Amino acid sequence: MAQEQIQIQAQKQIQVQRLSQQQMLQVKLLEMPLTELEQNVIAELDDNPALESGEPETDLATTDDVLDNASDDFDTQNEREERQDALDIALERMRSDDDLPTYVGRQQRDNADYEEIVYGDTTSFIDKLNEQVGERELSEEQREIVEYLIGSLDDDGLLRKDLDTISDELAIYQGIDVTVSQLEESLKVLQDFDPAGIGARSLQECLLLQIDRKVENGEWEADSKLYEYIRKVIANYFDAFTKKHWDKIQTSMQLNDLQVEALQKEIRKLNPKPGASMGETMGRNVQQITPDFIVDTEDDGTITFSLNHGHLPELYVSHTFNEMVAAYKENKASMNRQQKEALLYAKEKVEKAQGYIEAIKQRRHTLTITMNAIIDIQRKFFQDGDEAELKPMILKDVADRTGLDISTISRVSNIKYAQTRWGTFPLRFFFTDSYTTDEGEEMSTRKIKLALKEVIEKENKTKPLSDDTLAKVLKDKGFPIARRTVAKYREQLGIPVARLRKE
């Protein structure tokens with residue numbers, strides 16, 4: 001008997017957590033490294049007249065003059081009668097508000113001890129991509145999505161996050177509901193940027209994008225054998241290509257030695273890390289590294305640290321705007337419509353300035369307690385500078401110590417650097433996974449990898465060690481790990497198999 005399909009429409013109540021505007025601002029500022037925050041503060045100062053920098057003014061204009069000037073900016077001819085009731089309600093509500101305080105966020109300090117490490121010019125990898133966003137005809141939503149994708153790229157210029165995750169993040173943190181298919185369209189826009197390969201989700205896709213770009217630019221003919229063969233190697237024989245099994249590729253594609261040599265020569269011209277190429281001008285890296293944390297280690301092992309405030313100014317809410325709101329909220333009867341509109345404008349700007357300063361304070365607090373936790377866990381490294389002393393530490397470990405969410409710790413540790421006695425390191429450097437042996441002992445994967453690298457560097461290059469032998473040597477050194485784990489760590493270190501290490 002045929003089954004009948006019917007659609008039923010039902011109503012149900014669900015609870016959805018949404019971030020407030022203030023929370024979204026705090027998340028946005030928290031993600032920013034110092035140099036980007038400096039630019040954001042300058043932009044906010046330009047945009048909000050109630051937010052000021054430097055020392056608070058002592059010689060203020062009269063409140064009447066400011067209010068009259070502000071009201072001129074709102075001399076619109078329509079909609080005034082319709083807005084009168086809303087203005088009266090807003091003003092009435094203001095009567096019950098507490099007096100507005102002057103919020104001050106202290107940002108300045110003597111930063112003579114921090115080093116700004118600059119290679120070449122100061123235009124960052126992200127800046128160059130964002131410049132290209134402005135050159136495209138995109139809707140406001142498309143522009144925001146592409147900029148978010150740019151912010152999700154790793155240092156190599158590849159997109160390691162899956163699109164489902166990015167779709168969720170956009171909905172939660174940006175308030176943008178977008179499907180995976182819409183994200184793929186925006187990703188295609190990004191992948192059309194320079195240099196070729198940017199925004200690829202894998203090394204294979206990265207190389208294919210570069211190959212196709214050479215055809216688009218006219219470097220190769222679309223019907224040429226060179227293009228056909230190279231694309232076939234990367235598209236159909238990628239696994240053999242990564243393992244350098246050129247003998248298998250040659251046999252399968254029926255190529256002669258000269259053809260294989262020509263293909264290898266052209267493929268070597270492709271860049272597996274297009275993000276790094278954006279930092280090259282005349283052979284030099286143009287990335288700018290400004291440490292967000294300055295960690296000092298004394299000879300007796302005492303560790304202290306401070307936040308680098310760079311060129312951030314002291315921020316405060318304009319006394320003029322505060323006086324304007326305070327003086328007129330009790331004089332509703334004597335105010336005309338223009339003055340009421342100016343008053344609401346002033347109150348809005350004051351609240352926005354207060355919120356911005358509070359977000360800056362919250363950012364500083366979050367950075368401080370996070371770095372405190374990292375130093376507590378990795379104290380031995382900060383004292384001795386020995387990478388092998390880094391303890392197993394993941395985001396959850398820091399989150400548990402600070403009481404913050406894991407996603408917050410992730411944002412703090414992203415694109416931020418710490419200047420130490422032993423050099424300047426990205427915060428991600430201090431995070432390392434753990435390996436649990438059969439005996440239940442927990443070991444740092446970083447320490448195991450360093451030991452593995454040292455063994456391979458000292459091996460006899462005419463008779464390189466197999467993964468089985470490496471596992472036995474490491475076990476003798478106190479690292480009892482399986483052969484498959486050796487193979488995994490070796491690949492992560494970018495070290496080829498024994499036969500390819502033979503000299």
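Modeller: Happy to! Gln-254 is exposed, with a relative accessible area of 72% (exposed is over 50%, buried under 20% and partly exposed in between, using a 1.4 Å probe and protein chains only). This is a predicted model, in which local features need pLDDT of at least 70 and side-chain atom pairs count only at pLDDT 80 or more, while totals for chains, interfaces and linings use all residues. Residues are numbered from 1 along each chain as its sequence is written, and side-chain values use heavy atoms, leaving out hydrogens and water.

Gln-254 has a positive phi of about 55 degrees, although it is not a glycine. You will find it in the loop between helix H12 (246–253) and helix H13 (257–267); helices (H or I, at least four residues) and strands (E, at least two) are DSSP runs numbered from the N terminus.

Ile-415 also has a positive phi without being a glycine, near 55 degrees. Its loop runs between helix H19 (406–412) and strand E10 (417–420), and Ile-415 is partly exposed, with a relative accessible area of 44%.

Another backbone feature is the cis peptide bond that joins Asp-194 and Pro-195, with omega about -5 degrees. Pro-195 belongs to the loop between helix H8 (180–191) and helix H9 (203–216).

Now for some packing. The axes of helix H20 (residues 445–458) and helix H21 (residues 467–476) come within 10 Å and cross at roughly 115 degrees (axes are lines fitted to C-alpha atoms over the stretch in contact, with angles from 0 to 180 degrees between N-to-C directions). Ala-451, Leu-452, Val-455 and Ile-456 of H20 meet Leu-470, Val-473 and Leu-474 of H21, where contact means heavy atoms within 4.5 Å. The residues of this contact divide into 7 nonpolar, no polar and no charged (Ala, Val, Leu, Ile, Met, Phe, Trp, Tyr, Cys and Pro count as nonpolar, Asp, Glu, Lys and Arg as charged, and the others, Gly among them, as polar).
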